Amino acid sequence: MRIHDKQLCSPQPAGLPASIKGTAEAGSSQLGLEDPRGQGRFTLKPRKMPGFFFSHNNMTEVNGKEDCKLAEGKGHKKKQKAFGADLKSYLKCMVPHIESGIKTSSSRNIMLSAEEVIQWSQSLEKLLASQSGRGVFREFLKSEFSEENIEFWLACEDYKKSKSDHLHGKAERIYEEFVQSDAIKQINIDYQMREATAKKAQDPTHTSFDEAQKTVYILMERDSYPRFLKSKSYLNLLNQLQTNTSK
């Protein structure tokens, strides 16, 4: 048989009647067959079998790549979500109430004016007297990792307004959270004051934390407050409000 004939012919597929003759063209997966009834030719196409084109190793590699893409996608979404949450928190706390105002828990609209923000620079007392001022200052202290100071000060303010039968429970919570030596949010006071405050907390009165609160207030007034007035968060907020007022 000539080489040309070998390329044009293929062995008869197993299971076909001898009366059916067929040929296959080189490079083709289709088999041309002659109908024994003399009604022309028809084409027999091979069926695709599951897993025919991929070995186990290839499938493992493909699945591995898909898993990596999926993991990368999830990681990217988490980063976007975290970035969105940080940005939302910054805008909410650093530039609150501009133009449209915001609603508090009592459903009252509070508008922040440039005049009020300017008053914050007059004293720490005026800053802390403003609900918006406390919020902005608190976010600034968080950026300096010293938010425990204002949180302790606010807890003491609430404590002094409490009913007498609530003092013991609140005193214990304030001591454990801010005063004791291994407190989660330990305030910066010396050993003598820490011991004196601990004794007062055991038999609480409305003035049990006054000395410690005063010490923390002075610390904020001399240290954090001047830096706050020079910070971008305060200056940008003031500039934004002054710009809106001039329009």
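Good morning. I begin with Glu148, which lies in helix α6 (residues 148-160); helices are DSSP runs of H or I with at least four residues, numbered from the N terminus. The model is a predicted one, in which local features need pLDDT of at least 70, side-chain atom pairs count only at pLDDT 80 or more, and totals for chains, interfaces and linings use all residues. Residues are numbered from 1 along each chain as its sequence is written, and side-chain values use heavy atoms, without hydrogens and water.

Glu148 is buried and has no salt bridge. Buried means under 20% relative accessible area, exposed over 50%, and partly exposed in between, with a 1.4 Å probe and protein chains only. A salt bridge requires a side-chain nitrogen of Lys or Arg within 4 Å of a carboxyl oxygen of Asp or Glu. The nearest side chain of opposite charge, Lys185, is 8.2 Å away.

I turn to helix α10. Its buried residues are Ser233, Tyr234, Leu237, Leu238, Leu241 and Asn244.

Finally, the aromatic rings. The whole structure holds 8 aromatic pairs, counted for rings of Phe, Tyr and Trp (its six-membered ring) with centres within 6.5 Å; planes under 30 degrees apart are stacked, over 60 edge-to-face, and the rest tilted. The ring centres of Trp120 and Tyr234 are 6.4 Å apart with planes at 40°, so this pair is tilted. Trp120 belongs to helix α3 (residues 114-120) and Tyr234 to helix α10, 114 residues apart.

Conventions
Helix = DSSP H or I, 4+ residues; strand = E, 2+ residues; numbered from the N terminus. Lys, Arg positive; Asp, Glu negative; His and termini not counted.
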